[in-house]
Structures are given as C-alpha cells and as structure tokens.
Amino acid sequence: MLKTADNNEKHLLFGGCDTVALAKKYGTPLYVISEEHIRERCREIQRDFLLKYNRTKAFYASKAFLTMKMCRIISEEGLGLDVVSGGELFTAIKAGFPMEDVIFHGNNKSLEEIELALSNDVGRIAVDNLDELAMIQEAAERLDKKTKILFRISPGIEAGDTHEYIFTGHKDSKFGIPLEQNIIKKAIADVMNSSHMEFMGFHFHVGSQLFRYDSHVAAVHVLIRLMEYIKNEMGVSTQELNIGGGFGIRYVEEDESKPLSFFVDAIMESIIQGCENANIDVPLIMIEPGRWIVGEAGITLYTIGSIKEIPGIRTYISVDGGMPDNPRPALYQAKYRAVVANKMGQELEKQVTVAGKCCESGDILIENIKLPKIESGDILAVFSTGAYNYSMSSNYNRLPRPAVVLVNSGNDELMVKRESYEDLIRNEMF
Ligand code: LLP
C-alpha cells in the first residue's frame with residue numbers, strides 16, 4: 001500500500017512526493033496534506049450520497065482542518081461548510097466561500113459571532129439553546145436579516161455499544177436542546193412567530209470516530225418520533241434533518257477504512273423506512289463529516305533526535321514535535337502508526353516508543369512500535385494526522401506551529417508557513 005520513490009533510496013512517497021525531500025525542503029515537524037485524497041473523499045460523498053439519494057446535502061466539518069485553501073477545495077467539490085466559531089466563519093468569508101452553504105454551529109455563540117453570521121447571510125444557524133435563540137431573534141431584527149434555523153437536539157444516545165431511546169428526559173450533555181417536549185415546542189413556536197427566522201428542522205451529532213452506525217440509527221429513530229410529534233401537535237413539518245458527522249477512519253493496522261456507503265446506506269434506510277412508518281415526508285438529509293474527509297489525507301514528518309535506551313525497559317526515540325502539533329495521544333490515548341520515511345523496506349528491528357520534545361512525561365506520540373534500526377536524523381512519518389492535529393495545535397513550551405504543505409501528483413506547495421519565534425511574541429504588549 002505504501003508507495004516508495006523509484007530512486008532506489010526507498011523513501012516514502014506521499015501525494016506523489018518524496019517525503020524525505022519535503023522534510024529537507026520545508027523543515028520538520030511538517031504537516032503534509034494530500035489534495036488528491038481530500039478530493040477523492042469528496043467525490044465518494046458525491047457518488048455514494050449526494051447523487052445516490054434525492055434531496056441531500058453534505059457539509060465539511062471544518063473544525064477537523066481549516067485553511068482558506070481548504071475552503072476552496074471543499075467549495076470546488078460541491079460541499080458546504082460547518083463552522084463553529086467566528087474564527088472558522090472568518091476564514092470561510094476570507095476564502096470567498098459561498099455563505100449560503102455554511103452552517104453555523106456551537107453551544108455558546110457570542111453576540112458578536114451571531115452578528116457576523118447574520119450580516120454575512122450564512123445559510124443556516126444550528127441553534128443550541130433558547131438563550132441563543134433569543135439573541136438571534138434580537139440581532140436579526142436589529143440587522144433586518146432573515147435566517148434559517150435548525151435546532152440541535154441532544155437525542156440521549158450513547159455513542160457506543162449501548163443506546164437508549166428516550167423521548168422525554170435527556171442525557172447529560174452540554175450540546176443541544178434536551179428532548180423535552182415543552183422546551184422544543186416553545187423553541188419552534190418562537191421561530192414560527194418571528195418574521196426574521198425560518199424553522200428548517202433538526203440536527204444531531206452523536207459522536208466522533210465511530211466504526212458503527214447504530215448510534216446514528218438510534219438517534220434517527222428518536223428524531224423521527226420528534227418530527228412526528230411536532231407534526232401532530234403543532235402542524236409543523238420538518239424540512240431538513242442534519243445527522244452530523246462522526247464516521248471513523250483508519251489510524252492503526254487493526255482499524256478498517258470504511259467506505260462512506262457503509263454508514264450512509266444503513267442510516268438512509270432507517271430514515272426512509274422510519275418516515276414511511278411514521279407517515280411523514282422524508283426531509284432533506286444533511287451529513288457533516290470532518291475526520292472522514294481529511295484524516296487520512298494528512299501525515300506528519302518529524303526528525304528523530306535523541307535515542308535513549310533504558311536497558312531492560314524500553315528505547316525512547318524523541319522527535320522534534322509532539323503534543324503541541326498532535327495533542328490527541330495525550331488527550332484521548334489516540335493510537336497512530338508510523339514508518340521511517342528514509343528507510344522504507346528495511347527490516348523492522350525492534351520495538352521503540354516515540355516521545356515528543358515537551359517537558360511533560362505524557363508527551364508520548366506512539367508507545368511500542370516496531371521500526372527499522374533508528375539513527376538520529378532519520379525522518380519519521382506518522383499517518384492519519386490530517387484531522388484534529390493542525391486545528392488543535394498549540395504553542396506549548398513555545399514551540400512554533402509547523403508548516404503545512406499541500407501535495408498533489410508529485411507537486412508540493414506551501415499552504416501555511418511555519419511560525420517563527422517572532423510570531424510567538426507578536427501579541428505581547430510589553
Ligand atoms: N458536526 C458536529 C456538530 C460536530 O460536533 C463534529 C465534531 C462533527 C460534525 C465532525 O465530526 P467528525 O466527522 O470529524 O468525527 N477533537 C476530537 C474530535 C472532536 C469532534 C467534535 N465534533 C478528536 O481529535 O478526535
């Protein structure tokens with residue numbers, strides 16, 4: 001599966017580029033993103049969701065990875081954008097992303113963010129709570145704007161092996177409106193009574209990095225009961241249902257890279273069947289994957305520095321990045337796979353542990369991985385770092401953020417330049 005360069009040097013190729021040459025050209029740590037991979041995933045969404053099912057829309061969850069260039073790729077591929085903050089929205093505005101294709105999420109939108117969304121005519125606001133709704137109503141009236149509203153519902157589904165259907169009563173979640181009939185009825189009535197808001201439907205998001213579709217299907221059942229209820233009680237029909245993202249990707253050998261159809265076919269079947277049983281029209285269905293689109297499109301290149309063998313215990317190899325560029329192992333015990341980019345095809349010699357360079361014992365990127373004989377200066381390539389790495393990076397220990405390079409069919413282009421030490425003190429006033 002892994003491609004190596006033809007130059008006999010056995011270098012890892014990514015996006016048609018020699019990764020060792022990329023490390024040399026741009027320095028390390030380096031995020032490398034494959035444009036081709038992103039576009040392929042978007043085309044799979046077109047083929048297996050948008051064209052396969054009537055009345056569907058797909059949005060890219062930009063929290064996974066966002067730059068202005070990424071906005072342009074997503075827009076060219078015919079997807080919309082899910083943003084969760086003024087900063088993400090600003091990036092989309094600056095990229096010239098069509099605002100009617102933007103959904104604005106978030107559980108604590110500020111008035112300033114709401115005003116930015118309204119004045120730029122974003123396509124939809126996914127409202128999380130009644131305080132926010134009141135703010136939108138007031139701001140929309142003041143700015144003389146009309147906006148489309150989805151309500152984020154907390155469907156009380158555990159994303160995992162267990163799931164429950166609860167129509168009244170809700171699970172403990174900071175996201176969304178709890179499944180309380182009276183609260184939801186009031187929220188819808190408030191929108192219906194406003195000349196500045198239009199009720200479109202509901203949204204839910206059950207979790208992330210899921211390898212099964214059960215939780216989506218369980219949430220769909222809850223939402224269909226809700227749609228049925230508001231139709232019967234209020235005579236209001238739901239035009240749109242946004243089922244969120246969460247489709248899992250491959251991080252380690254054992255993970256299976258699932259096609260989109262694995263998730264959406266089962267979910268669509270449950271929606272179509274459920275709506276028929278409930279005697280309601282199938283709403284327009286929206287999905288908003290982030291990780292599934294960009295996760296496997298990214299790798300991170302590091303230079304290996306010190307190698308420390310603790311006899312009888314383990315060998316640590318340290319890289320020039322770590323938790324500031326990839327906080328996921330420290331935060332979620334996330335697992336990654338990696339290769340030595342300049343020693344492809346060499347026999348795997350022994351098990352080592354890959355440590356980051358932060359003053360923090362939890363800064364371990366990969367525990368126990370078999371690699372070829374390591375020497376200082378080797379280039380380590382860690383896979384599946386496209387999602388929630390650059391977007392979650394920090395300057396902890398005052399490490400400048402790495403550069404991001406976009407590769408495509410053997411061409412490389414600097415998408416985000418490496419931060420400098422000067423950048424680290426840029427906002428300091430004295
Ligand atoms: N829609 C909503 C409303 C979301 O909250 C999220 C993710 C998504 C879509 C996209 O989920 P995805 O398809 O990427 O799984 N930092 C964590 C992931 C947090 C995801 C939060 N919400 C990580 O690194 O694993």
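Okay, so let's start with the domains: 19 residues of domain 1 touch 17 residues of domain 2, with contact meaning heavy atoms within 4.5 Å. Quick housekeeping: this is a predicted model, so to speak of local features we need pLDDT of at least 70, and side-chain atom pairs count only at pLDDT 80 or more, while totals for chains, interfaces and linings use all residues. Numbering runs from 1 along each chain as its sequence is written, and side-chain values use heavy atoms, with hydrogens and water left out.

Domain 1 is 2–33 + 298–424, and domain 2 is 35–294; those bounds come from an automatic or database domain assignment. Their C-alpha centres are 34 Å apart.

Now, which domains does the shell around the ligand draw on? Domain 1 and domain 2 each supply at least three residues. In total 18 residues surround the ligand, each with a heavy atom within 4 Å of it. The closest are Ser 208, Glu 288, Arg 328, Tyr 332 and Tyr 388. By type, the shell has five nonpolar, seven polar and six charged residues; Tyr counts as nonpolar here, and Gly as polar.

On to polar contacts, meaning pairs of N or O atoms within 3.5 Å. The side chain of Glu 288 puts an N or O atom 2.8 Å from a ligand nitrogen. A polar backbone atom of Gly 246 is 2.8 Å from a ligand oxygen, and for Gly 290 a backbone N or O atom lies 2.9 Å from a ligand oxygen. On its own the ligand has 580 Å² of accessible area, and the protein covers 87% of that (Shrake-Rupley, 1.4 Å probe).

Note on methods. A polar contact is a pair of N or O atoms within 3.5 Å; within protein, one must be able to donate a hydrogen and the other to accept it, and residues adjacent in sequence count only if both atoms are side-chain atoms.
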